[in-house]
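Visitor: Hi, I'm new to this. Could you walk me through the fold?
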Amino acid sequence: MVINIASRDKRYILLNEMLKASGYESAVNMESTKGADVLILSVRRELDEGALDALFGELPKNAVVLSGGARALSERYGREVIDYSLGEEFLQKNACLTAEACV
């Protein structure tokens, strides 16, 4: 399984390292999705529409796409995008980190 992470955010760079350590073929690549089985996009928008168009344009049709704010991406590209930012565990952990940062 080839995983492409399109983010420069440190959290996603760490995710890439964790995936590699677990034996997955994973790379941080914001320019190409050729051959990717999975595309992970940042919860915040780092890419403009042109860059997203390029990534989605070469992404295999059967690839799984994960992103925050998936609805707009799903509508724009006519494919299912799994919104991990709506998961209860994500929301709880994000709330804790946000509260911690505020304090």
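Guide: Strands (E, at least two residues) and helices (H or I, at least four) are DSSP runs, numbered from the N terminus. Also, this is a predicted model, where local features need pLDDT of at least 70, side-chain atom pairs count only at pLDDT 80 or more, and totals for chains, interfaces and linings use all residues. Residues are numbered from 1 along each chain as its sequence is written, and side-chain values use heavy atoms, with hydrogens and water left out.

Visitor: Okay, what order do the strands of the sheet come in?
Guide: The order is S2-S1-S3-S4-S5, five strands in an open sheet with parallel pairing. S2 and S5 are at the edges with a single partner strand each, so one side of each has no neighbour in the sheet.

Visitor: How many bridges hold S1 and S2?
Guide: Four, in the parallel sense. Ile-3, for instance, has Ser-26 in S2 as its bridge partner.

Visitor: And which strand residue stands opposite Leu-39?
Guide: That's Val-65 in S4. Strand S3 (residues 38-41) runs parallel to S4, and three bridges join them. To get from S3 to S4 the chain passes through helix H2 (residues 49-58), in a right-handed β-α-β crossover. Right-handed means that, with the strands pointing away from the viewer, the path from the first strand over the helix to the second runs clockwise.

Visitor: What comes with S4 and S5, then?
Guide: Together with helix H3 (residues 70-77), they make a right-handed β-α-β unit. S4 and S5 (residues 82-83) pair over two bridges, in the parallel sense, and Asp-83 is the bridge partner of Ser-67.

Visitor: Switching to H1: which residues there are buried?
Guide: Tyr-12, Asn-16 and Leu-19 are. Buried means under 20% relative accessible area, exposed over 50%, and partly exposed in between (1.4 Å probe, protein chains only). The three cover an arc of only 65° around the axis, so they sit on the same side of H1. That arc is taken from the directions from the helix axis to the C-beta atoms.

Visitor: What's exposed on the other side?
Guide: Lys-10 and Ala-21.

Visitor: And what do the buried ones pack against?
Guide: Strands S1 (2-6), S2 (25-28) and S3, with contact meaning heavy atoms within 4.5 Å.

Visitor: Last one: what follows H1?
Guide: Gly-23, with a positive phi near 95°.

Conventions: Two strands pair if DSSP finds at least two bridges between them.
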